[in-house]
Amino acid sequence: MSRILVPCHVKGTVALQVGDVRTSQGRPGVLVIDVTFPSVAPFELQEITFKNYYTAFLSIRVRQHTSAHTTAKWLTCLRDYCLMPDPHSEEGAQEYVSLFKHQMLCDMARVSELRLILRQPSPLWLSFTVEELQIYQQGPKSPSMTFPKWLSHPVPCEQPALLCESLPDPSRVSSEVQQMWALTEMIRASHTSARIGRFDVDGCYDLNLLSYT
Amino acid sequence: MLQEESDLSLIIAQIVQKLKGSNLYSQLERQAWASLQRPEIKLESLKEDIKEFFKISGWEKKLQNAVYSELSVFPLPSHPAAPPEHLKEPLVYMRKAQGSWEKRILKSLNSMCTELSIPLARKRPVGEQKELLNKWNEMGTDEPDLSLFRPVYAPKDFLEVLINLRNPNYENGDSLSFRTHLGLIQIPLKVKDIPELKECFVELGLNTGQLGIDDSTQVPPELFENEHVRIGQKVLAEQDSAAAQQYIRQGSPTALRAELWALILNISSEPEDVLYYEQLKTNVIQHDLLVDSLIYKDVKLTASNDDYYFVFEDYLYQVLLCFSRDTSVLSHFAYNSASPPKSYIRGKLGLEEYAVFYPPNGVIPFHGFSMYVAPLCFLYHEPSKLYQIFREMYVRFFFRLHSISSHPSGIVSLCLLFETLLQTYLPQLFYHLREIGAQPLRISFKWMVRAFSGYLATDQLLLLWDRILGYNSLEILAVLAAAVFAFRAVNLMEVTSLAAAEAVLADLSTLKVMPLLQIFLFATVT
């Protein structure tokens, strides 16, 4: 299904910590990222894509406008979604993740703001975040075209005029041409990914030294 | 769920695209055309009738085997936003480490090239080509001067790279804390513990018959062996890859092993494959590569000195030299964290149309590489079949043993699995060895990198490799390494230096692999 990227403004991460940041020993285990959409009206959120970086659990809260007159409410649409099955090990630590509308706990119509709450309970990691955050909304359905009248109401077949005897039957010729066209389309469509197997360039394999790029 | 459906259709599309380029596709097409002559194929129900024909004639089975093979080898399609490097290796710092390791290897190869003034590749003059063609079957008798060549790297160099591997986002404090790993590997990868391994290797349990244990002379063959052989013959008659993979977890009878491995790896010797091998042979004869000398040197240093494998020296040259010319191996770099070395035709530096890979298959052999091929020579005597089996084993398993990746069967995970098993289940032994400066991984690394080839007796090695194929994973190598240490624990507790520990573990040729594995996994009191 089609989707459109919604331009968003990702504010800096805010660490939530109990006590004074300077004196406490440990690192914060909860980060909050606010995402606003300054130039876009409240929209229906379709998909959220991001690259994980050592975040173990993700919760998302969304600010929704329920109707034109009431103030916007904050709702939790995703609670403790597990990104890393074992927070102490590397599994899932740098994976690309997509979250869809149907995975959310609440309706995602008329979203005006998002808040991502990242949790990483393990003290082993120096930092954690999510990167390359992208929000998508539903794309437009394929536009309905109005067909010209002659396509939707074809005229009944006319009697073909009798041609000279020596010329071949036009309906047979057209069906054969159609078959040939279908064959060429098939051949064109079925290109394979198989290699040819040549390692040299025109028979020459006289090399420089190996390059480091 | 929508996501799983779209994932499934993506996987299907990928497999179809891959199979379209294969021999099997054209064969199926030919068979379908030929079947139109048959009386039972009716025009009205053409599709169903042809499908039925494929089912009866065994072609559907071949297609099933091909699809199963693709699923086993290729990783699942990743997220659409993920770049291709992500499929090779998801962790960025490991990709970087692999890149710098490769750079070192290239520098070493380039410096060897300039020091010895030997070109990387050279077209052979016609006289030399004829000579090589004549002695193709006895290249072992050749005694070229290889004294100036040295292997590009040895497993112990690679171990040093793995020891120094660090995650920049990981708390790598200098002081010992709960975060420090006591072994040599300092990467927090997820590895299985014994309960998980027991679940994974359930067919190796005490209540299941095994070849390697229940076929010994004291056990009457009616109890297990005869029935197992009968089932094996049935599996071969059915020609089903998935069934063969399940069957071989309990070991393969010696007589059926060659065919079973070929079935699991989905290798069938068609005339096209023999032709392909002959083409590679022609490539070897036409061009001489620097890598060839490295291969010669490696075979002379390792396999020729081995009591079991020296007879196969000629076969090894025939396989490895052709392997270097095989560009179809390049496709495995899509899921290998390594990348093939690149070069340009002389005088055309920087022009992409003149960029080539060197060697043509992108794999630079290291010290001991020929030992991956040697055990296969016991099973296959026809060079093109031997070649195909080795190539498939390499692109499925062996490449993971010498590239830096986070894959559960990658060498980093195997090392960490070995160290974790030893620490958890033999803590006293681990502590003792660490105290005397004999970190256990320094001894077991060379076993795992070579998949124990050259260290175990050949029949035991083949039983081990049966399980690698059966479980489609190399984790059993780490488990065996830990089991060997457990077996010799009493002697190891008495040593006082690394050299003495090495001496205790120098000779593994008398070990029986399956009892060791069974005891370590299922019969050790935890």
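What follows is a set of questions and answers on this predicted model.

Me: Why is B:Arg257 called buried?

Reply: Buried means under 20% relative accessible area. B:Arg257 has 4%, so B:Arg257 counts as buried. This residue sits in helix α12 (residues 254-264) of chain B.

Me: Which residues is B:Arg257 in contact with, apart from its neighbours within four places in sequence?

Reply: Contact means heavy atoms within 4.5 Å. By that rule B:Arg257 touches B:Ser252, B:Leu379, B:Tyr380, B:Leu462, B:Leu463 and B:Asp466.

Me: What makes B:Glu382 partly exposed?

Reply: Partly exposed lies between the two cut-offs, under 20% for buried and over 50% for exposed. B:Glu382 has a relative accessibility of 39%, so the term partly exposed applies. B:Glu382 belongs to the loop between β4 (355-357) and α16 (383-396) of chain B. In sequence, B:Glu382 and B:Val274 are 108 residues apart, while their C-alpha atoms are 9.8 Å apart in space.

Me: Where does the "Rab-GAP TBC" domain lie in chain B?

Reply: UniProt, in an unreviewed entry, places that domain at residues 251-472 of chain B. An annotation of this kind may be inferred rather than shown by experiment. Over residues 251-472 the chain is 51% helix and 4% strand, with 14 Å between the end C-alpha atoms.

Me: Which residues of helix α8 of chain B are buried?

Reply: In α8 (residues 155-163) they are B:Pro155, B:Phe158, B:Leu159, B:Val161, B:Leu162 and B:Ile163. These buried residues pack against α6 (92-116), α17 (411-425) and α19 (440-449) of chain B.

Me: How many residues of chain B are in contact with chain A?

Reply: 58 residues of chain B are in contact with 43 residues of chain A. The area buried between the chains is about 4,600 Å², and carbon and sulfur atoms give 59% of that area. On the side of chain B, B:His79, B:Asn169 and B:Arg346 lose the most area, together 14% of what that side buries.

Me: How many salt bridges are counted between chain B and chain A?

Reply: The count is zero. The largest share of the side of chain B that touches chain A comes from α6(B), with nine residues.

Note on methods:
Residues numbered from 1 in each chain as written. Chains lettered and ligands numbered in written order. Predicted model: local features only at pLDDT ≥ 70, side-chain atom pairs only at ≥ 80, totals over all residues. Heavy atoms only, no water. Helix = DSSP H or I, 4+ residues; strand = E, 2+ residues; numbered from the N terminus. Buried < 20%, exposed > 50% of the residue type's maximum accessible area, 1.4 Å probe, protein only. Buried area = accessible area lost by both parts, 1.4 Å probe. Salt bridge = Lys/Arg side-chain N within 4 Å of Asp/Glu carboxyl O.
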